[in-house]
Amino acid sequence: MQKNSALFIAIALLSSLVVGQLSAQNLRPPAYPLITHDPYFSVWSMTDKLTDSPTRHWTGKPQSLEGIIRVDGKAYQFLGAVPTHYEAILPTGETQSYTAQYTTKKPNTGWEKADFNASDWQSGLGPFGDTPEAKTKWVTTDKDGIYYRREFTYDGKADPAKLLLSINHDDDVVVYLNGTKILDKPDYVSEYVNLPLPPAGQKALRKGKNVLAVHCVSPRGGSFIDVGILNPITTTAITAATQTGVTVSATQTDYLFTAGPVDLVVNFMSPLLLDDLDVAARPITYVTFEVRSQDRKPHSVQVYLSESGTMATNTIGQEVVLKAGQAPGLIFQTVGTEAQPVLAKKGDNIRIDWGYAYLAAPQETGNQTANGMAPGLKEAFLMNGQLPTDNKAAVPGNKPRAAVDVAIASVLDFGNVSKSVEKHLMLGYDDLYSVQYFKQNLRPWWRRDEKTTMVSLLQTAEKDYNRLREKCEKFDNRLYTDAKKAGGKEYADLCALAYRQAIAAHKIVVGPKGETLFLSKENFSNGSIGTVDITYPSAPLFLLYNPTLLKGMMEPIFQYSESGRWKKPFAAHDVGTYPQANGQTYGEDMPVEESGNMLILAGAIAGAEGNADYAKQHWKTLTTWVEYLKKDGFDPANQLCTDDFAGHIARNANLSVKAILGIAAYGKMANQLGDKATGQSYLQTARDMAVKWQQLSMDKTLNQLPHYDLTFENQNDTWSQKYNLVWDKLLNLNIFPKEVTQTEIAYYLTKQRTYGLPLDSRKTYTKSDWIVWTATLAKSNRDFEAFIKPVWKYVNETPTRVPLSDWHETTNAKQVGFQARSVVGGYYIKMLEGKLSK
């Protein structure tokens, strides 16, 4: 359809010096959000150019989107790198099972040699281990580990120097090829990795019969072993469109290209508008293409977009089924696994393998969708600008195929473009059930009415397209303006980048009583679901835009305690491992940390809403927790806090602040509920503790700027970010003298490194969310921005190309751990200050 080119003109300004959200973006994100809805439906580009690598799930595994524009018969790739395919010299179980000889008892000498007689060994299907992917069970209690042998034939055609050793091992593994040791690798990996075939392996490989022999031991944790040999086959590349700009705003990512005589804008919009939960909960991303002729002459244009079958699988070899469909106003394709193991897997580095990925287009002239073998779909488009109408791309026998081999695709025919033309698609995911909640499978929020289907949701979303385009544009601009006013341009850049990531690390589901539950996943942390010390740093974003979602984060912990399943006098750490919320699975409690978090956040909700009605619903539980803090919170024992990666620490001064402010928050809420005597009692307790805190934590080493130590009564010169103090300021509790925070701020400014303020004196690494909290303690905008600029520099320069990591080195900007976590919602605490101070 013809329309005005407002979007195109706005994006074209990327190369100008126009001031505003759509002016040239100086910040280079570590990764660019494309599809951002929940921990499973989350696809990113992890390179600056959209064609430099395949698009990936936030975990790093390819979930390939490919985009090609055909202009006057010539094709230009604008989305995704041409994927590398792998020819199996010796396949792994990732793509197919295999038979091997094995034993769990130490064999005779020479077992690894090609001529060894293993006729008395058992025969079984590989891989081996105790995970769902293993075909033959092998467990840690087998003290000698497992030994296995596989025979294979090599035809001599592939170059040994280009071959890869594909391996997934838990734990220590030694690999031999024809009796030659080619790999000795300790520890474990939790996924398949491709390593260059070592020189010893290249030399040992021979034409004809070969024997791969493997020994793996698993003295701890789980068990798994699988080894294969692959030959990478790179398809001839298509000419890449020239990328001339990219902009990331809160709900959208825009790319600008030239492709021969036309310009192309590609817009990815995930309308995560938190003032409308029905819209925010829809797992649908719009992809809009706008094409403009540069010379105003007509040019024949078609756009192709395909979605790999791996969008609906955990591993590339899982078999999927493909289906086509249509409904009034829509044509669509779906892909999903044949097995459909709904909510069967839990853990960190896994992707969804149940439910169905959808690709939908408006039912209008020039729009096509199809499914089939990925190469055939693309080849047909390159040849004639259309999807195949014959069987050339059909799956043989219409049988399930490995996900990596198939795709669902669309073609949008723009006709002869002389001015500006726009078309769009929708990418969606129907997960059927989202989480298991104390043994009950819960539906996603959008499907709380069981009559609602993904097809009907897509129809609703299609009707909503124009309204949401306008609303997202306004919201993005308003957010950026508000953030810039609160903390400067660099701060606004960080907030815009963090927005979708923070939301998409959660899932909105309907609870057993019809309530809103908003369950987080500890992405690349440990995979826990509903973790309190993830909720705590993430909270500012949701307090700012919709406190209902913060309640939805806290409610599972309250319900866990109030059901009687959690019997301890302090708050639990989590309610399970994503997506199974059946009770805490983290191995150690954080009593002061989690109780303080819950009390402070209940107080923050009361501050945001102007009443303590939510706290009143859980007052008995909050009272149990505050009593624990009164007894054991002020001078914490040797225990973990939210910064558990730094290890145990006793008498943690920052953790003590949390306990004190948790008690104060309870007191203030009691006042709001009309119980003035209780309120004043707890507030006074907190003030008394604060006086004692200053005495015990003040650094007493000579010739040092005044500051407060890492731990109480520390004899050494130590320090730590006292980021928990921010709630004294935001909630107007007035428990600590203002001089405490300003003393700390002055000291922190002397400890900054190139890429930020270290977490404490023990290491040079930091947490960027805590830096923003610490910066919010500053009295002046100048000091706030002094803390923010190094964080911006880290985000802009980190060599680690993953969705924003909140744990990085302040010396070299490298990721230390974690990625794609919701805690970057904590960046919004400076903006929240403005809301709570009104």
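View 1. Strand E33 (residues 516-520) runs antiparallel to E32, and 5 bridges join the two; strands count as paired here if DSSP finds at least two bridges between them. Helices (H or I, at least four residues) and strands (E, at least two) are DSSP runs, numbered from the N terminus. Across the pair, Ile508 stands opposite Phe518 in E33. The hairpin has 5 residues between its strands, and Gly514 in the turn has a positive phi of about 85 degrees. This is a predicted model, in which local features need pLDDT of at least 70 and side-chain atom pairs count only at pLDDT 80 or more, while totals for chains, interfaces and linings use all residues. Residues are numbered from 1 along each chain as its sequence is written, and side-chain values use heavy atoms, with hydrogens and water left out.

**View 2. Both faces of strand E32.** In a regular strand the side chains alternate between the two faces of the sheet. In E32, His506, Ile508 and Val510 lie on one side and Lys507 and Val509 on the other, and all are buried. Buried means under 20% relative accessible area, exposed means over 50%, and partly exposed is in between (1.4 Å probe, protein chains only). Because 5 of the 5 residues of E32 (residues 506-510) are buried, the strand is largely enclosed by the rest of the structure.

**View 3. Helix H7 and its bend.** H7 covers residues 489-504, 16 residues in total, and reaches 24 Å from its first C-alpha to its last, close to the 22 Å expected at 1.5 Å a residue. That expected span is 1.5 Å times one less than the number of residues. At Ala498 the helix bends by about 35 degrees, where the bend is the angle between axes fitted to the seven residues ending there and the seven starting there. H7 is mostly covered, with 14 of its 16 residues buried.

View 4. Cys495 counts as buried because its relative accessibility is 0%. Cys641 also counts as buried, at 9% relative accessibility.

**View 5. Helix H10 and the glycine after it.** H10 (residues 591-609) has 19 residues and reaches 27 Å from first C-alpha to last, close to the expected 27 Å at 1.5 Å a residue. With 16 of its 19 residues buried, H10 is largely enclosed by the rest of the structure. Gly610 follows H10 and has a positive phi, near 80 degrees.

View 6. E35 pairs with E36 (residues 807-809) over 3 bridges, and Lys767 stands opposite Trp807 in E36.
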